[in-house]
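Please read them with the structure open.

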Amino acid sequence: MAKYLVIVESPAKVKTIKKFLGSNYDVQASNGHVRDFPKSQFGIDVENDFEPKYITIRGKGELLAGLRKAAKKADKIYLATDPDREGEAISWHLMQALKEDPKKMRRITFNEITKTAVKNSIKQPRELDMNLVDAQQARRMLDRMVGYSISPLLWAKVKRGLSAGRVQSVALRIICDREEEINSFIPEEYWSLEGAFKIRGEKKPLQAKFYGTDKKLPIHNKAEMDEILKKLENAEYQVTEVKKGERIKNAPLPFTTSTLQQEAAKTLNFSTQKTMRLAQQLYEGIDIKGNGTVGIITYLRTDSTRISQEADEAARAYIGDQYGERYVAEGGKAVKKDPKIQDAHEAIRPTDIARTPAMLKESLSRDQFRLYQLIWKRFTASRMAPARYETTSVKIGAGEYTFTVAASKVVFDGFMSVYVQDDDNKKGNVLSQSLEKGMELELLELKPEQHFTQPPAHYTEASLVKALEEQGIGRPSTYAPTITTIISRRYVSKEQKNLYMTELGEVVNNIMKQAFPSIVDVHFTAMMEGLLDCVEAGTVQWKTVVRNFYPDLKKDVDAAEQELEKVDIQDEVTDVVCDLCGRNMVIKYGPHGRFLACPGFPDCRNTKPYYEKIGVACPKCGKDVVLKKTQKGRKYYGCEDNPECDFMSWQKPSDKKCPVCGSYMVEKGNKLVCSQETCGYVEQKTKQED
């Protein structure tokens, strides 16, 4: 008869932990949260000092009854939910729901699901950490206040089914701000110059870049370039300096949630959601041939790069054995502590470094293997010595000007024998050994090249996670769900790896900026996250955070209900005739934006795509330019006569022609810019064009 009950969050852990603990332990799962706010009402008693009203989550009644039954029979109950705020809160809710003597219930946590970690946690049970619970309660209440107050307003003013969220609305704003930056970006011209030189006795020419005089000289246009080329016509070329040096490249830090999501997106092309799903599987346990089920990585939600002493020693011993002592890093690396980091957990690492990816290949799916390999390599590399490069820099004098060449070669690969990132692969120049100061060089050719500055890149999931983390918005557990929400709500579309605003996203973002400036203010949201960390540290009362937040939000909501204009998405009658019944079709608004529908619905169900004319003639064929959307919702401008006419532009075209080259102009912020990049003509928009 089992004397002890262990409650975990996920059913996937049950079998593994049962095997570690033996027959005296009954292991059961809560399947995440068991209590939450009701869906049908606010769930927070504002009149009674913001007391939360929790109810059993629909569908969890039977599961809770089973847990209560098991709890009654047990001498002791161990609450083994995840080792973070959310896990602590689930344990607290379980304590309330089980209605057992609190003395019978103890909290245990483990950072990895291995026999040692689980058995050690049973030996070190503790009281529930109410600071952690309160931080989660405060976060949940702030999220409920924002979602429950603002979402109905969006339903009333835009369309049903929309939602606002404390973190998702800021993420949406960050993407929207970047889109505006890109749309109003005006490229600037610049030039580069490369020279190819013959070295006596060498077949391969030496490629050098124009530097300038004693300081770097930017070249802005063709006239400046022509002047430099003229001065270089009769110049003599001579090596004026050959400098040798050494460069060190340090090993990377082990993964945090955010860096794992970024690296998996870059190298494996995984979405943040997929990375977290696979990491959860690796953490909860994999059935390894000959070993049974065992967790092969540590807890996946962390913002710390700390590693336990045991894991560090094991890694160093492994590296010494496998690669040799000179590959082992000297002493532990001191990492500057970021005040935003909660150091409760270790970084993400393999639970056993000796369990190499090759050994597990048969036991893992292809994607699990690729993610585990990434984590294993990164962790192993983090305990290894830096890579060393020998660098050579050469200066070539040409009259008053200088050309430079830089080259480096790896003299000791260090951590790069295990882990190489994209930028480590760039092949540098290989310089001839015969180069020395005073050597005369023969010029073979000069290659001038025109360039234009590029706008900032569109956000990808990886760069958005980085931006959220850097600005202190959200925490490791929220990055993936936030991005998933804004994509599934169709506020943002994902094409290739890039994230683009949709028409719906723009409407929602504009309403949020107008009516709830503080909710979508990056600094305000980061400050709220900081306050939640203070609650967790026990320096701020959770009710204080809630009491200060709600009145301002309520004031904004009340004002918005009065002042916000309804976004006009009424059925607008068009001159397009339904080809099935002859009625004039109307504009409707669906989840993907606007479309044409027959007003005779349900008798006539005819629909067509709706293209808004922008009042500009197509530069190619003269028909109307219309606003279109890609399959995933990204806006662009194209000819209404497509596919006969293939005109398209990401920027809004103007009916004005460029006075310099005759091409069509496009709108960029408050300026008109020639669409022909090599032309570069720019003028201010007049009031009528606005």
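1. A residue is called buried here when its relative accessible area is under 20%, and exposed when that area is over 50%. Cysteine 598, at 2% relative accessibility, is therefore buried. Keep in mind throughout that this is a predicted model.

2. Cysteines. No disulfides turn up in a search of the whole structure. A disulfide is a covalent bond between the sulfur atoms of two cysteines, and the cut-off applied is a sulfur pair within 2.5 Å. For cysteine 598, the closest cysteine sulfur belongs to cysteine 581, and the 3.4 Å between them is too far for a bond. Cysteine 674 is buried, its relative accessible area being 5%.

3. Overall make-up. The protein contains 17 helices and 30 strands. Its C-alpha trace spans about 95 × 80 × 45 Å along the principal axes. Of the 690 residues, 49% are buried. Among contacts with a separation of 6 or more, 66% link residues 24 or more positions apart.

4. In soluble globular proteins, nonpolar side chains tend to be buried together. The largest nonpolar core has 78 residues, and the members touching the most others are Met145, Ile150, Leu464 and Phe516. Helix 5 (residues 130-157) gives this core its largest share, ten residues. A core of 65 residues lies apart from it and includes Val6, Tyr283, Val294 and Ala387.

5. Leucine 464. Which residues does leucine 464 contact, leaving aside neighbours within four places in sequence? They are Ala171, Ile174, Ile175, Tyr459, Ile483, Ile486 and Leu499.

6. Glutamate 461. This residue lies in helix 13 (residues 461-470). Is glutamate 461 buried or exposed? With a relative accessible area of 7%, glutamate 461 is buried. Beyond its neighbours within four places in sequence, glutamate 461 is in contact with Ser271, Thr272, Gln273, Ile483, Ile487, Lys494, Lys497 and Leu499. Please check the side chains around glutamate 461 in the display.

7. Cis peptide bonds. The bond from phenylalanine 601 to proline 602 is cis, with omega near 5°. Proline 602 sits in the loop between strand 21 (593-597) and strand 22 (607-609). The bond from asparagine 642 to proline 643 is also cis, with omega near 10°. Proline 643 belongs to the loop between strand 25 (635-639) and strand 26 (648-649).

8. Positive phi. Phenylalanine 50 is not a glycine, yet its phi is positive, at about 60°. Its place is the loop between strand 4 (44-45) and strand 5 (51-52), and at 8% relative accessibility phenylalanine 50 is buried. Glutamine 496, another residue other than glycine, has a positive phi near 50°. Glutamine 496 is in the loop between strand 17 (492-495) and strand 18 (498-501). At 74% relative accessibility, glutamine 496 counts as exposed, whereas phenylalanine 50 counts as buried.

Methods:
Residues are numbered from 1 along each chain as its sequence is written. This is a predicted model: local features need pLDDT of at least 70, side-chain atom pairs count only at pLDDT 80 or more; totals for chains, interfaces and linings use all residues. Side-chain values use heavy atoms; hydrogens and water are left out. A nonpolar core is a set of buried Ala, Val, Leu, Ile, Met, Phe, Trp, Tyr and Cys residues joined through side-chain atoms within 4.5 Å. Buried means under 20% relative accessible area, exposed over 50%, partly exposed in between (1.4 Å probe, protein chains only). Helices (H or I, at least four residues) and strands (E, at least two) are DSSP runs, numbered from the N terminus. Contact means heavy atoms within 4.5 Å.
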